[in-house]
Structures are given as structure tokens and as C-alpha cells.
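Student: I have a structure to go through with you. Could we begin with its charges and then turn to other matters?

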Amino acid sequence: MPTTQHLQLLAPLSGVLMPLDQVPDPVFSSRLIGDGLCIDPTSQTLCAPMAGVISNLQRSGHAVSITDDRGVQVLMHIGLDTVNLAGKGFTRLVEEGQRVEAGQALIEFDADYLALHARSLLTLMLVVSAEPFSLLTPDTGLVESGQPLLRLNLAEQPANAASAPEGEALFSRQMILSNPNGLHARPAAVFAQAAKGFAASICLHKQQASANAKSLVAIMALQTVQGDALQISAVGEDAELAIKTLAELLAAGCGEAVAAPVVSEPVAVVEAPSLKVLRGVCASPGSAFGRVVQVAEQSLEVAEFGADQAVERRHLERGLFQATQALQGLCDNATGDAQAEIFKAHQQLLEDPSLLEQAYALIAEGKSAAFAWRNSTEATAELFKKLGSALLAERAVDLADVGERVLKLILGVQDSAWVLPEQAILIAEQLTPSQTAGLDTSKVLGFATVGGGATSHVAILARAFGLPAICGLPTQVLSLASGTQVLLDADNGELQLDPDLAVIEQLQAKRQQQRLRHQRELEQAGLAACTRDGHHFEVTANVASLPEVEQAMALGGEGVGLLRSEFLYLERNTAPSHDEQAATYSAIARALGPERNLVVRTLDVGGDKPLTYVPMDSEANPFLGMRGIRLCLERPELLREQFRAILSCAGLARLHIMLPMVSQLSELRQARQMLEEEALALGLKALPKLGIMIEVPAAALMADLFAAEVDFFSIGTNDLTQYTLAMDRDHPRLASQADSLHPAVLRLIASTVKAAHAHGKWVGVCGALASEALAVPLLLGLGVDELSVSVPLIPSIKATIREVDLRECQAIAQQVLSLESAEQVREALHRHQQTAVVSSLVLEN
Ligand code: PEP
Ligand code: MG
């Protein structure tokens with residue numbers, strides 16, 4: 001008969017008790033890790049709830065476990081998501097393996113810092129060894145640190161309760177851990193819980209150390225970090241299934257989002273990882289063969305307290321001044337507008353009143369200039385990241401970059417120049433715009449990063465320098481040894497490790513062919529885009545300024561298929577006046593002339609691109625909020641003013657007005673009525689053509705109804721893909737999946753075209769898919785009448801049209817509509833492309 005003993009657990013903190021069910025984190029509230037209690041702390045020292053040994057103390061200091069002599073294990077976890085603070089705000093007072101007394105102080109934490117930087121301060125005390133307990137106080141209300149809280153019932157284990165399973169140990173392959181913070185409490189709990197579902201005895205191995213995979217504390221004690229090579233072993237009847245299941249779970253991140261999982265198979269032999277190709281997304285096209293150079297950030301030591309307030313203020317002012325000058329130098333030497341704009345934006349950040357106010361306020365509290373500046377930029381960058389907008393998250397990268405620039409100037413730290421070998425392929429968690437702009441392109445052939453997106457400033461700079469680059473790679477890339485030979489195939493978003501010579505040679509030959517082809521396309525840019533069987537398609541340009549229109553005309557553009565009018569409205573403090581707008585539209589229309597189409601899209605801004613002079617509530621999901629036509633109809637004066645300005649250029653070009661983000665017929669009707677009223681007031685006899693973007697699935701699905709009331713459609717595949725697949729268009733990890741060639745998107749395009757043609761209306765595509773040569777035969781085959789493309793790609797898209805036969809395009813379009821995935825569509829289009837090139841060569845000769 002087992003006898004029962006008791007153990008009292010003391011409150012590890014003072015604070016307000018809260019039942020576990022109310023903790024806003026399912027890992028804790030579901031008791032996945034263990035049952036226990038939560039305290040909203042009012043004290044800042046975490047104390048031992050019982051005597052025992054510190055069985056695990058997380059390096060980051062946010063979680064600690066104690067095991068007593070009878071095997072009772074209690075985990076304390078300070079705050080929610082505090083693992084992300086990487087130790088900041090925590091002071092560990094004990095060591096792992098140390099014996100502690102009940103009530104002994106274990107960890108001190110800075111509640112103010114945590115309150116600002118973590119999701120919550122709620123602190124958990126969980127009985128992970130799962131002894132039943134009763135509460136010694138009500139489960140709500142105030143408790144004092146050291147007050148008895150729980151009474152655990154310890155049933156003595158009968159001898160030989162569980163004997164170890166027998167048999168040969170099976171091992172998984174080695175797997176590289178992708179979780180950004182290693183197996184901390186949350187993923188470790190998920191893993192242990194899954195392991196408990198098997199009878200087999202299971203271990204998780206990290207180098208020489210191993211842990212019982214069914215014990216959360218043992219897993220945490222392995223102190224794994226991202227990039228660690230792990231293996232799972234199991235003995236027992238269901239060992240094979242256990243390894244397969246757990247390996248898949250580990251590869252998928254144990255409930256956390258991780259990049260590209262690596263799935264392992266159960267094998268009895270230990271094998272090294274056999275990674276050959278790492279996949280990300282193309283940030284800047286091209287390819288290069290070189291050697292890995294891992295680059296890591298310099299960490300800067302900053303003293304918290306300053307000398308004298310006036311001195312510290314001067315330090316900050318000097319740092320800001322020198323940074324502004326350095327940025328001006330970068331603007332002046334920029335090779336293009338895009339590059340200069342980035343550093344101009346950085347200069348503006350340095351003048352931001354709220355950043356400066358925060359920094360000066362901290363100096364007034366006695367902090368050093370460096371501390372004050374770092375605090376203010378980091379807090380603001382964190383805020384940007386939390387707002388849920390991909391655009392603001394990217395601005396957080398810019399802010400961190402300028403923040404670091406000024407900090408180094410305040411501290412007098414020279415940028416330690418990277419010692420780079422020839423033919424370097426840089427690998428980094430994330431590069432900043434400043435680092436990218438400062439790259440020695442005589443040595444750096446390209447770069448590959450884990451963070452960043454195809455629309456980030458770093459990607460824009462890479463394109464400006466013509467440096468191939470991939471972003472969104474799995475974190476395994478950070479464990480590649482410097483010096484490893486790699487082939488950076490940015491066009492395909494692939495980093496190939498130790499590639500074969502034949503692969504390198506093939507790629508170099510392909511590059512040479514591409515150069516020759518590009519030269520020929522430029523020479524023939526002025527020719528019409530007629531298919532081999534004689535069908536003409538209009539190739540127009542996506543533009544956002546007069547110089548771009550001029551460049552488009554020089555490259556053979558046949559009109560403007562999308563004028564993104566936002567450029568007139570963004571980054572200013574007041575709305576553009578009627579005269580300013582009218583002058584711009586007229587100059588653009590004049591550059592095109594009366595024979596060419598000018599499609600002006602009305603203002604498409606909103607939550608993700610806010611206007612300072614249009615105050616709006618912040619939105620949890622800006623892409624699903626007050627964007628485009630919705631915003632304009634809510635601010636009718638803004639839209640009426642824009643209509644009046646656009647109408648002033650009627651007659652100078654073939655004017656078309658296009659409404660963005662339309663999802664309801666009533667939006668179209670309201671806008672049309674306003675346009676008619678404005679035209680009437682201006683005494684115009686003929687209305688310009690009015691069309692809508694098809695970029696919301698609702699509009700595509702109801703295209704038959706819209707078609708009766710519009711003059712044209714233009715399909716915005718960027719947003720149409722985002723909304724159809726429910727994938728943020730700028731999400732770095734989803735970039736390779738958010739593919740406009742997904743059959744769901746293609747079916748919407750097909751039905752839109754059908755509906756428009758049934759009403760005799762034309763359909764263009766102005767999303768990025770139109771600029772992808774691979775997609776051209778498909779779009780023509782689906783019946784699209786016009787392709788509006790990115791300016792530099794006009795010659796290549798025209799050349800592609802000249803190479804295809806419309807009947808073949810129709811056949812391939814029908815074929816891919818019934819495929820299952822974007823990958824299958826890509827494969828089919830690649831095959832078609834190869835045969836089309838061969839047949840056009842045969843015809844040419
Ligand atoms: C689109 O969504 O495809 C589009 C062309 O509009 P934008 O990229 O400006 O949102
Ligand atoms: Mg759009």
C-alpha cells in the first residue's frame with residue numbers, strides 16, 4: 001500500500017493570485033507543462049517555494065526549476081514570452097546544481113523593464129512532476145512571498161512500478177534545432193507531452209548530453225539553442241513510431257513558428273545532416289558562387305548613468321549631428337533614387353521628436369547619452385514590431401540601424417570593418433541598410449539572411465547594387481562554417497551547399513545567355529508585342545512618378561497601366577493641393593500623349609500606409625481595415641479633390657480612372673456618382689473611363705456583376721493572392737508560399753476575364769505576376785488583354801510575348817487550371833517555356 005506524505009509549497013513572490021485557467025497563454029492555461037498557480041507580482045525577487053536542487057536555470061534567467069530529494073519538480077516561469085528578452089531584466093542569484101532552502105532568493109527581475117518589453121509579468125509556479133495538490137488559500141487575492149500556498153500529496157512509489165523497456169535503441173537522424181530560443185519551457189512542454197504518449201523509453205541527445213524526453217525539466221536542462229544538432233533515441237515496442245512522430249514535431253517547431261522544417265526518419269545508424277540546399281525567397285535576382293562568411297553584430301557596452309546632464313546632452317547632439325552628416329554622404333553618393341530615399345528616411349528618423357523627447361527625458365533622469373538613446377530607439381522599434389504591420393516591422397529594422405549608427409558615434413566606437421576574403425557570400429541573421437550600403441562589392445558577391453523580406457530596404461539596396469540576395473532562409477544557414485563553398489541562386493531562392501562543378505558551370509553559362517538575351521531585348525524594346533500567331537498585346541507600365549513614365553516610354557512601354565497615386569500623398573504633413581496634383585497628372589499625361597492609355601489609380605492608402613493628415617484609429621489588422629476605396633469614401637473630400645485634379649488632365653492622354661480595393665458594388669456606384677458630379681461641375685462633356693482593381697476575392701467572384709458597370713478591370717495579383725491565400729504579402733516566412741501562381745488565384749483570374757469579356761470589357765493585370773516572364777503565356781492564355789509591368793522589365797515581357805503562340809498559351813492555361821499547387825503550375829510553365837523557346841528558335845532559323 002502506498003503511504004501518503006505532504007509537502008508545502010510557499011509563494012515564490014508577493015502579488016495577486018490568479019487561477020491558471022485565466023492565464024492568456026494556452027500552454028500554461030491548458031496545464032500542458034503542469035498544474036499550479038499564477039501570480040501577478042508586486043515584488044521583484046523570485047524565491048524558492050521548497051528546498052531542493054536547482055535542476056534547471058534558463059540562461060536567460062526567466063525560468064527556474066527545483067527538484068527535491070523525492071523527485072518533486074516545480075517550475076517557475078517569470079512573465080509571458082520573456083524568453084525573448086534574452087536575459088535582459090533578470091539577475092540570477094543561484095547556479096544550476098546548487099542546493100537551496102525554501103524561501104531563498106533565486107532570481108531578481110526588473111519589473112519596469114519587463115512591463116515595457118514583455119507581453120506580461122504574470123508568473124507561473126507549476127508542479128511539473130504532477131503530484132496532486134490542494135490550495136492553502138483562496139485562488140484569488142493577495143499573497144505574500146513565503147506564505148504557504150499549496151499542499152502536495154506525495155504517494156510513495158511502490159517498488160518496481162515501471163521497468164525500463166527492452167530492445168535495441170533506434171536513433172533519428174541529427175536534426176538542427178530551428179526554434180529561435182531553443183527548447184525553452186513552451187516547446188519543451190509540447191515535446192515532453194508528446195513523448196509521454198509512447199510506452200518506449202525516449203531520450204533527447206545534444207552532443208554528449210542527453211535528457212529523458214518525457215521530462216520537461218530534463219529537456220530544459222539541456223539548454224538547447226537555435227542551431228544545436230539534436231537526436232532522438234527510443235527503446236521499446238513503439239520506438240519507431242515515437243521517433244518518427246517526435247522528429248516531425250521537433251522539425252515543425254514544437255508549436256512555435258520555425259523556418260523550413262527538416263524531417264527525419266528513424267534509422268539505427270547515426271548520420272550527419274545531409275543538407276544540400278537551403279531555400280528562402282529572392283530579395284535581389286542573380287546568382288553567384290563563393291565562400292560563406294558569417295557576419296555577426298558587434299555588441300556594445302553601455303554605461304547606464306552619465307556624468308553631467310549638460311555633457312550627456314552634448315554627447316547625444318554630437319552623435320546625432322555626425323550621423324546626419326554621414327547619412328547625407330550616403331544620399332549624395334547614392335546611385336539611384338531608391339537608395340537615396342532610404343537614407344533620407346533615416347535622416348528623418350534622427351529628427352523624430354518623440355524619439356528625441358524620450359532620450360532627453362532619460363538624460364534628465366541622470367542616464368548616459370548612450371543609454372538614453374539606445375533605450376529610446378529600442379523601445380520605439382519594439383513598438384513598431386508589435387503593431388502587426390509588416391511595413392512598420394521593416395521600419396523597426398531601419399530604426400535599429402540608425403540607432404546603432406548614432407550609438408557608435410556617441411561611444412566613439414569605430415565600425416570594425418569586416419575582414420572579407422575574395423568571393424564572399426555573406427550570411428547573417430539580418431543585415432541593416434547601413435551595412436548593405438557599406439559592402440565592398442569588389443569582394444562581396446551576394447548575401448543570404450534569415451530575416452528581412454523581398455520588400456525590405458536591404459533588398460532594395462541589394463537590387464540597386466546588382467548583388468544577388470536571398471532572405472527568409474531557415475536558421476540552419478547560421479551554422480554553416482565560414483569558408484564553405486556555396487552557390488547563391490537568388491533567382492530560385494536557393495543556397496546550394498558545396499555545389500558540383502557542373503552545377504556552377506551550368507549557372508555561369510545561363511548567366512551569360514541571360515546577359516545576351518537582355519541586350520537583344522533592349523535593342524528590340526520598341527517593337528510591338530505580337531505573338532508568333534499575330535495577336536497584339538498591350539504592355540504598359542506600373543509607375544509612381546514622372547521620371548518613371550519617361551523611362552517607361554524609352555523602354556518601349558505602350559502606356560501607363562497603373563499610376564500609383566499614393567506617391568503624391570505619402571511622407572508629408574498636409575494633403576497635396578489641387579494645383580500640385582493637377583500639375584503632376586498633367587505632366588504625366590503630356591509625356592504619354594493623346595494616343596496612350598493613362599490609368600490613374602485613386603489613393604490606395606490606409607492602416608498600413610497611414611497619412612499623418614488623415615487621423616485614423618490604429619487597427620489590429622490594417623490590411624483588412626480602412627484601405628483604398630473604403631478610406632476614400634469615408635473621407636469623400638479627399639476623393640473629390642483627387643477626381644477634380646485627375647479630370648484636369650482629360651484630353652492630354654487616354655484617361656482612365658481606377659478604384660482600388662473595391663469589394664462592393666455600392667462602392668463603385670458611390671464613386672461613379674461623385675466622379676460624374678465633379679465632371680459636371682467642371683463642365684466636362686465626356687467622362688473618362690472608370691474601372692476597378694480586381695484584388696479582393698469578393699470582386700473577382702462577383703466580376704459578372706461588376707463588369708456590367710465598369711469600363712475595364714485590372715487585376716492586382718499582389719493583393720488578390722494575399723487575400724485569397726490568407727497570407728500577408730510581405731511575410732518573409734510565407735513569401736515562397738504566397739505565390740500568385742496558386743491555382744486558386746488563377747481560377748479567379750480566369751473567371752474575371754470570362755465575365756469581363758462577356759460584357760465586352762477589357763482586363764489588364766497590374767500585379768507583380770504580370771512582370772514575371774514565366775507567367776506571361778499563362779496570362780495571355782487566360783485571355784488577359786493588357787500587362788502592366790515594372791518599368792525595367794518592359795523589354796523582357798514584350799520579348800516573351802513575341803516568342804509565344806496564343807493557341808499554345810490557351811492550351812497551357814487550361815491545363816494548369818486543374819493542377820493542385822503553385823509548385824505544380826510553376827513546373828508545368830517551366831516545361832512549356834523550354835518547348836516554346838525551342839520552337840521559336842526553330843522558326844527563327
Ligand atoms: C496589387 O495588389 O497587385 C497591386 C497592383 O496593387 P498594390 O501592389 O499597389 O497594392
Ligand atoms: Mg493592391
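Tutor: In this predicted model, the chain carries 62 positive and 97 negative side chains, counting Lys and Arg as positive and Asp and Glu as negative, with His and the chain ends not counted.

Student: How far apart do the centres of the two sets lie?

Tutor: They lie 4 Å apart, with each charge placed at NZ of Lys, CZ of Arg, CG of Asp or CD of Glu.

Student: What about Ile 801, buried or exposed?

Tutor: Ile 801 is buried, at a relative accessible area of 0%; buried means under 20%, exposed over 50% and partly exposed in between, using a 1.4 Å probe and protein chains only. Of the 845 residues of the chain, 51% count as buried.

Student: Which residues is Ile 801 in contact with?

Tutor: Beyond its neighbours within four places in sequence, Ile 801 has contacts (heavy atoms within 4.5 Å) that include Ala 529, Phe 537, Val 776 and Leu 787. The C-alpha atoms of Val 776 and Ile 801 are separated by 7.0 Å, although the two residues are 25 apart along the chain.

Student: And for the chain, what share of contacts between residues at least 6 apart in sequence join residues at least 24 apart?

Tutor: That share is 70%.

Student: How are the values and numbering set up?

Tutor: Local features need pLDDT of at least 70 and side-chain atom pairs pLDDT 80 or more, while totals for chains, interfaces and linings use all residues; side-chain values use heavy atoms, leaving out hydrogens and water. Residues are numbered from 1 along each chain as its sequence is written, and chains are lettered from A and ligands numbered from 1 in the order in which they are written.
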